[in-house]
Amino acid sequence: MKRGLIACAILSLLALPTIPRAETHADHGAMQMGEQQGDHGAMPTRRTKTIMLGEETVDGVKGMAHLNDVGAMMAQMGQKENFHFMVMFSDAKNGTAIEQGTVAVKIIDPKSGKPGEAIALMGMGNHFGADINLPAKGEYQFQVGSKLADGKTRQFTFTYTYK
């Protein structure tokens, strides 16, 4: 009798429809490159242009940065940010992803040559990222400061010419 009840309970649970999970901001970072979803699922999935900024290895850590052009989606939401900046870190020797730490970026203005305020990058699954605004055409420099899980501070520099 008990076995029959247990079997019925298990079969009932298996027959339930899958319950969709709530999307979080961390899911924003777990999306495939080349796809971007709007404000926490509020906008439909759309293709965005992914721009490779390159790789740099500093003190045993490889940093690889990208920009996703999210200007059209952000404009629809009344936001001024037009790019999602992201940087991924890995151990330079074995390729193991480094996902823990504190990371920020300063964007060097192409006209004045001066750095803006530091923008904290949020851990987003496989990368650290933030939505940013590049207001004018020109060559931007991204100075990424990090203090990763090993406690060392490192600085990475990436460049992008906005045409």
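Are phenylalanine 89 and phenylalanine 156 buried or exposed? Both phenylalanine 89 and phenylalanine 156 are buried, where buried means under 20% relative accessible area, exposed over 50%, and partly exposed in between, with a 1.4 Å probe and protein chains only.

A word on the model before we go on. It is a predicted one, in which local features need pLDDT of at least 70 and side-chain atom pairs count only at pLDDT 80 or more, while totals for chains, interfaces and linings use all residues. Residues are numbered from 1 along each chain as its sequence is written, and side-chain values use heavy atoms, with hydrogens and water left out.

**Aromatic pairs**

The structure contains 6 aromatic pairs. Rings of Phe, Tyr and Trp (its six-membered ring) pair if their centres lie within 6.5 Å; planes under 30 degrees apart count as stacked, over 60 as edge-to-face and the rest as tilted. One of the pairs joins phenylalanine 85 and phenylalanine 142, with centres 5.0 Å apart and planes at 20 degrees, so it is stacked. Phenylalanine 85 sits in strand S5 (residues 83-91) and phenylalanine 142 in strand S10, so this pair ties together parts that are 57 residues apart in sequence. Strands (E, at least two residues) are DSSP runs, numbered from the N terminus. Phenylalanine 85 and phenylalanine 142 are buried.

Now back to the opening pair: the rings of phenylalanine 89 and phenylalanine 156 have their centres 5.2 Å apart and their planes at 50 degrees, so they are tilted. With phenylalanine 89 in strand S5 and phenylalanine 156 in strand S11, the parts tied together are 67 residues apart in sequence.

Elsewhere, Phe83, Tyr160 and Tyr162 make up one aromatic cluster. Lysine 137 lies over the face of tyrosine 162, at 4.2 Å from the ring centre; a charge sits over a ring if NZ of Lys or CZ of Arg is within 6 Å of the ring centre and within 35 degrees of the ring normal.

**Salt bridges**

A salt bridge is a side-chain nitrogen of Lys or Arg within 4 Å of a carboxyl oxygen of Asp or Glu, and the count here is 3.

| Lysine 62 | Glutamate 55 | 3.9 Å |

Lysine 62 is partly exposed at 28% relative accessible area, whereas glutamate 55 is exposed at 52%.

Definitions and conventions
Helix = DSSP H or I, 4+ residues; strand = E, 2+ residues; numbered from the N terminus.
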